[in-house]
Each structure stands twice: as structure tokens, then as C-alpha cells.
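Keep the 3D view open while you read.

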2 protein chains.
Amino acid sequence: MNDIVNITKALADENRLKALIALRDRELCVCQIIEFLGLAGSTVSKHMSILKQAGLVKTRKQGRWIYYGLAGRNAPAPVRDALRWLLKHLNSGRISSADKKKLEKVYRTDPEVLCRIHRRK
Amino acid sequence: MNDIVNITKALADENRLKALIALRDRELCVCQIIEFLGLAGSTVSKHMSILKQAGLVKTRKQGRWIYYGLAGRNAPAPVRDALRWLLKHLNSGRISSADKKKLEKVYRTDPEVLCRIHRRK
DNA sequence: ATTATATTTCGTTATATGGCGAAATATAAG
DNA sequence: CTTATATTTCGCCATATAACGAAATATAAT
């Protein structure tokens with residue numbers, strides 16, 4: 001029961017849902033997610049921690065960056081099915097064009113550049 | 001997007017999940033749900049209102065009682081799929097025996113009797 | 001070794017949410 | 001019509017949670 005509650009609570013925040021959508025096609029590092037969501041780094045870090053705790057995302061380190069990606073095929077069935085539900089129903093038609101533009105910009109921009117921008121703030 | 005967020009937020013409470021599980025096999029009136037969850041009537045009413053707002057449950061009135069039931073086949077796909085996810089992964093093996101006993105007692109007891117009990121408190 | 005940097009953790013604040021009892025409401029029962 | 005009753009709404013309180021900035025941390029880069 002607790003694993004299910006952890007999943008449902010992790011999904012109960014709009015920004016966390018958006019982060020999961022952003023990870024649909026590829027991994028992203030924290031500063032890319034920061035850019036996409038428009039939140040403070042500490043806030044994004046906490047949100048991603050909640051998603052990771054629930055098993056919905058995984059992490060890997062590369063260089064100075066930590067990349068977050070959606071949980072893979074070996075994730076528990078409740079996680080896999082929840083992600084399937086989410087991605088099925090949050091297709092492109094339900095995402096605002098503003099969010100789509102932001103996401104395209106994030107995909108296009110080097111993490112190095114984004115991190116430099118955020119360091120300035 | 002908002003409909004999805006409403007669903008995920010509605011599912012992000014253990015008592016609400018339990019209420020949905022209780023409704024799996026049959027409709028229940030408020031005082032039966034009160035008995036099962038062991039919460040105040042006003043609390044149960046608010047929880048069920050959230051579930052109804054999210055489209056996860058429907059209501060019908062019979063006599064003095066309002067019966068809550070799971071959303072039906074004509075519910076929107078996100079709702080149907082979310083319920084399918086929940087019921088699939090919250091099968092009997094994941095529910096405590098205490099909860100199972102409570103639920104069996106609730107199924108067995110006439111609403112008339114339960115309501116009288118709760119009126120005394 | 002030192003410095004730079006991406007990320008996480010911590011502390012604070014504002015807002016949201018779950019729980020309760022009391023009051024209000026809708027309407028069934030007598 | 002009046003009374004009884006199941007449920008909902010309201011008001012209050014305690015706790016949880018999202019957001020931010022600053023400090024701490026891990027480790028890559030020099």
C-alpha cells in the first residue's frame with residue numbers, strides 16, 4: 001500500500017508531472033529541468049528527489065551533471081503502469097504551447113550554457 | 001492537464017484510496033464509508049467530494065442514503081485507466097487484514113444500523 | 001593541491017490540506 | 001405539517017508541502 005501511496009503523492013504536483021513529461025523522450029540534467037519549470041534549483045532538486053524516492057525516475061552522473069531519466073523496464077509494475085498512464089494521457093495535445101516551446105528550447109541548449117545562466121542568478 | 005492533476009491529487013491520500021478500494025465490489029453509503037475509514041462524517045464527506053470532483057466516483061440517492069460508486073464505463077479515459085491502475089495494483093494482497101475485516105463487517109451491516117451507531121457519537 | 005561548479009540540504013515562510021465538531025441543508029418519515 | 005435524519009458545509013486547528021535563498025557537499029577541472 002505504501003508504495004502505491006508514494007507513487008500517487010509523487011504525481012500530485014503539476015510541476016512534477018511536467019518534469020516527467022519532459023523526461024519522456026530523453027534524459028535531462030537538473031539545470032535543464034530548472035530552465036523548463038522556471039523554478040529555483042533547490043525546489044527542482046527536492047521535486048526530483050520525491051520522484052526518485054517513489055521510483056519514477058532514475059539518475060546517472062556524467063561529468064559535472066546529474067541526469068534524470070524515467071524509470072526503466074525493470075521498474076516495479078505499479079511504477080511502469082503509472083508512467084504508462086501518465087504518458088498516454090498527457091500527450092502533446094494536453095500540454096500548453098508555451099510549455100512545448102520551453103521544452104524545445106531546453107532540448108536544444110547545451111547544459112553548459114544553461115548552467116552558466118543559472119549561476120548568474 | 002488540469003483533469004489529470006485533479007485525478008492525481010484526488011488519489012494522493014491514503015484514506016481516499018481506501019475508500020475507492022471499498023467501492024470496488026459495490027456501492028456504499030456515507031455512513032458505511034465512515035465506519036470503514038473510522039473518520040468523522042464531515043471528513044468522509046469532504047474526501048468523497050474530492051473524489052467526485054475528480055470524476056472518480058458517482059453518486060445516487062436512495063431513501064435517506066446517498067450511495068457512492070466507482071465511476072462507470074462512460075467515464076473519461078484518464079479516469080477509467082487510473083481506476084484500472086489502482087484496482088490492479090491494490091489487490092487483496094496489499095490490503096491489511098484489519099482493513100479487510102472492517103470492510104467485510106461494513107458489507108454485512110445494514111446502513112440503518114450503522115447510521116444509528118454514528119448518530120450516537 | 002586549490003578552485004570552480006552542479007547539485008543537494010537546510011531553514012524559513014506562505015499556502016494547502018486533513019481532521020474534528022458544530023451548524024446548515026435537503027428531504028424522508030411520521 | 002412537523003420531526004427525524006443523512007449528508008454537506010463551515011470554521012478552526014494542526015500538520016504537510018511548495019517555494020525561495022543560503023549554506024553545505026561532492027567532485028570535476030585546473
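Glu14(A), Lys18(A) and Asp99(A) are linked in one network of salt bridges. The model is a predicted one. Over all chains, the structure holds 14 salt bridges. Side chains of opposite charge can pair when their charged atoms come close.

**Salt bridges**

The table lists some of these pairs.

| Pair | Closest N to O distance |
|---|---|
| Lys18(A) and Glu14(A) | 3.8 Å |
| Asp99(B) and Lys18(B) | 3.2 Å |
| Lys88(B) and Asp81(A) | 2.8 Å |

Start with Lys18(A) and Glu14(A). Both sit in helix 2 of chain A, residues 14–22. They are 4 residues apart, about one turn of the helix. Lys18(A) counts as buried because its relative accessibility is 19%, under the 20% cut-off. Glu14(A), at 32%, counts as partly exposed.

Now turn to chain B. Asp99(B) forms a salt bridge with Lys18(B). This pair links distant parts of the chain, 81 residues apart. Asp99(B) lies in helix 6 (residues 97–108) of chain B, and Lys18(B) in helix 2 of chain B. Asp99(B) is buried, with a relative accessible area of 11%.

Arg60(B) is in strand 2 (residues 57–62) of chain B, while Glu27(B) is in the loop between helix 2 and strand 1 of chain B, so the pair ties together parts 33 residues apart in sequence. Arg60(B) is partly exposed at 33%. Glu27(B) is partly exposed at 26%.

**A buried arginine without a salt bridge**

Arg16(B) is found in helix 2 of chain B. Arg16(B) is buried, yet has no salt bridge. How far away is the nearest side chain of opposite charge? That side chain, Asp13(B), is 4.3 Å away. The side chain of Arg16(B) does reach the backbone oxygen of Ala10(B), at 2.8 Å. Arg16(B) also touches other residues, including His47(B), Ile50(B) and Leu51(B).

**Where the chains meet**

Chain B and chain A bury about 2,100 Å² between them, 68% of it on carbon and sulfur atoms. Met1(B), Trp85(B) and Arg94(B) supply 33% of the area that chain B buries against chain A, more than any other three residues. Each chain gives 22 residues to the contact. Across the interface there are 2 salt bridges and 8 residue pairs in polar contact. On the side of chain B that touches chain A, helix 5 of chain B gives the largest share, 8 residues. The residues of that side divide into 13 nonpolar, 2 polar and 7 charged.

How values were computed
Residues are numbered from 1 along each chain as its sequence is written. Chains are lettered from A and ligands numbered from 1 in the order in which they are written. This is a predicted model: local features need pLDDT of at least 70, side-chain atom pairs count only at pLDDT 80 or more; totals for chains, interfaces and linings use all residues. Side-chain values use heavy atoms; hydrogens and water are left out. Helices (H or I, at least four residues) and strands (E, at least two) are DSSP runs, numbered from the N terminus. Buried means under 20% relative accessible area, exposed over 50%, partly exposed in between (1.4 Å probe, protein chains only). Lys and Arg count as positive and Asp and Glu as negative; His and the chain ends are not counted. A salt bridge is a side-chain nitrogen of Lys or Arg within 4 Å of a carboxyl oxygen of Asp or Glu. A polar contact is a pair of N or O atoms within 3.5 Å; within protein, one must be able to donate a hydrogen and the other to accept it, and residues adjacent in sequence count only if both atoms are side-chain atoms. Contact means heavy atoms within 4.5 Å. Buried area is the accessible area (1.4 Å probe) that two parts lose on being put together, summed over both. Ala, Val, Leu, Ile, Met, Phe, Trp, Tyr, Cys and Pro count as nonpolar, Asp, Glu, Lys and Arg as charged, and the others, Gly among them, as polar. Lists of a residue's contacts leave out its neighbours within four places in sequence.
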